[in-house]
Amino acid sequence: MRLREGIEIYVESRQAEGTPWAKGAQSLRSLYHQVGDLAVDRIGVDQIVPFLDGPLTSAATWYNKYCVLRQFFTYWKVRNELYKLPLPPPRRFPIQTFVPYVYSRMELRRLLVTAAFTQQGLNAVIDARTFRTLLLFLYGTGAGLSEAVQLERNDVDFRRKRIILRTSLSHRTREIPIGSDLYDILLKYHQTHHLKKTMRDPQFFLTKNGSRIKAGTANKTFRRVRKKAGIARCDGAHYQPRMQDLRYTFAIHRLTAWFKHGADMGQMIPALSTYMGQNNLDVAERYLRLTPERFRTQLNKLSPKRGKKRWRENAALMKFLDSL
């Protein structure tokens, strides 16, 4: 079997599982363009190493490409198309140094106040009310920016106080409830912005000319608002607070608020993961590491890795999670 045919068959099999697998497919096609349409069983380590060690390849990129190739060649090895994997020894997964920024409640208020006057100018693509509502939506739901800009008016059920979120990477949807405060904010925005004749798109959040908001435009607007609000990192990191960090802020503020009020964290941590659209409860580990120091010891005792079996055996909890 030739490499090109093998790649197309393998990519189709991955996509049939319900995921686009775009980055993995791109890596395999890059390999094809570099080594040519060789027979799969004729590809050797000497062809793979230059591909993995390409110019400007970071440690994380090397590792991700290696994982894609290992999955691809293993797929064809078990189907007897090659006898061994043409791969060099693996490297250790690179240490992740990126730490998301968790906004304080005072900083969130500064962002909202600053957005109110920064976005009133004639050159602003997103008006002040829309951008303020978008920020509150991200913070109030823990949704990702891509989920927010894809939100359509029909996805918001005001009668039931529930919204449908779409995840672009996996084409999955989830329905989540919203609180009364966020409900009031979204309803007012709907009443003032969705009755204009200039609307061209079905999206919930719209630019001043009635078209959908692009993620790049939202990020650019946020950087301007954040700078005007005087919010910056003071921990020596070379990256500044991002719009995506509102998702982490939502999670950390929920965990700490529940802990202060004596909630059953053994139930609330997996509920939080489910609400945020995370399939694996272990993902909550990243949020536990970002909680304030005074809560971390107690919360770590409830980490998903320690309590996963107990959670899965809790029929009432599983029923609750299914209802979200």
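Reader: Which residue in E2 does Asp 157 stand opposite?
Author: In this predicted model, Asp 157 stands opposite Arg 162 in E2.

Reader: And what is the bridge partner of Val 156 in E2?
Author: Val 156 has Ile 163 as its bridge partner in that strand. Two bridges join E1 to strand E2, which covers residues 162-167, and these strands run antiparallel.

Reader: What lies between E1 and E2?
Author: The two strands form a hairpin with four residues between them, and Lys 161 in the turn has a positive phi of about 55°. That value is found there although Lys 161 is not a glycine.

Reader: Is Lys 161 buried, exposed or partly exposed?
Author: Lys 161 has a relative accessible area of 31%, so it is partly exposed.

Reader: How many bridges does E2 make with E3?
Author: E2 and E3 pair over six bridges, in the antiparallel sense. At one place in this pairing, Thr 167 stands opposite Arg 172 in E3.

Reader: What is the strand order in the sheet, then?
Author: The three strands form an open sheet in the order E1-E2-E3, with antiparallel pairing. Strand E1 (156-157) and strand E3 (172-177) stand at the edges, and because each has a single partner strand, one side of each is left without a neighbour in the sheet.

Reader: Stepping back, how many helices and strands does the protein chain have?
Author: The secondary structure of the protein chain comes to 15 helices and three strands.

Reader: Which residue with a positive phi follows H11?
Author: H11 is followed by Gly 277, whose phi is positive, near 80°.

Reader: Is H11 itself mostly covered or mostly open?
Author: Helix H11, residues 265-275, is mostly covered, since eight of its eleven residues are buried. The buried ones are Met 265, Gly 266, Ile 269, Pro 270, Ala 271, Leu 272, Ser 273 and Tyr 275.

Reader: Where is Thr 207, and what is it in contact with?
Author: Thr 207 is found in the loop between helix H8 (180-193) and helix H9 (215-229). Leaving aside its neighbours within four places in sequence, it is in contact with Val 125, Arg 212 and Ile 213.

Reader: Why does Thr 207 count as buried?
Author: Its relative accessibility is 10%, and buried means under 20%, so Thr 207 counts as buried.

Reader: How many disulfides does the structure hold?
Author: The structure holds zero disulfides.

Reader: Then are Cys 67 and Cys 234 buried or exposed?
Author: Cys 67 is buried, with a relative accessible area of 15%, whereas Cys 234 counts as exposed at 81% relative accessibility.

Reader: Changing topic to pockets, how much space lies in the second largest pocket?
Author: About 570 Å³ of space lies in the second largest pocket. Of the 21 residues that line this pocket, the closest to its centre are Leu 136, Tyr 139, Gly 140, Asp 181 and Leu 182.

Reader: Which elements give two or more residues to its lining?
Author: The elements that give two or more residues to the lining of the second largest pocket are H5, helix H6 (128-141), H8 and helix H10 (245-260).

Reader: And which element supplies the largest share of that lining?
Author: H5 does, giving five residues to the lining of the second largest pocket.

Note on methods. Residues numbered from 1 in each chain as written. Predicted model: local features only at pLDDT ≥ 70, side-chain atom pairs only at ≥ 80, totals over all residues. Heavy atoms only, no water. Pairing = 2+ DSSP bridges. Buried < 20%, exposed > 50% of the residue type's maximum accessible area, 1.4 Å probe, protein only. Contact = heavy atoms within 4.5 Å. Disulfide = S-S within 2.5 Å. 1 Å grid on protein atoms, 1.4 Å probe; cavity = no way out; pocket = protein on both sides within 12 Å on 5 of 7 lines; lining within 4 Å. Points joined across faces, edges and corners; volume = space filled by probe spheres on them.
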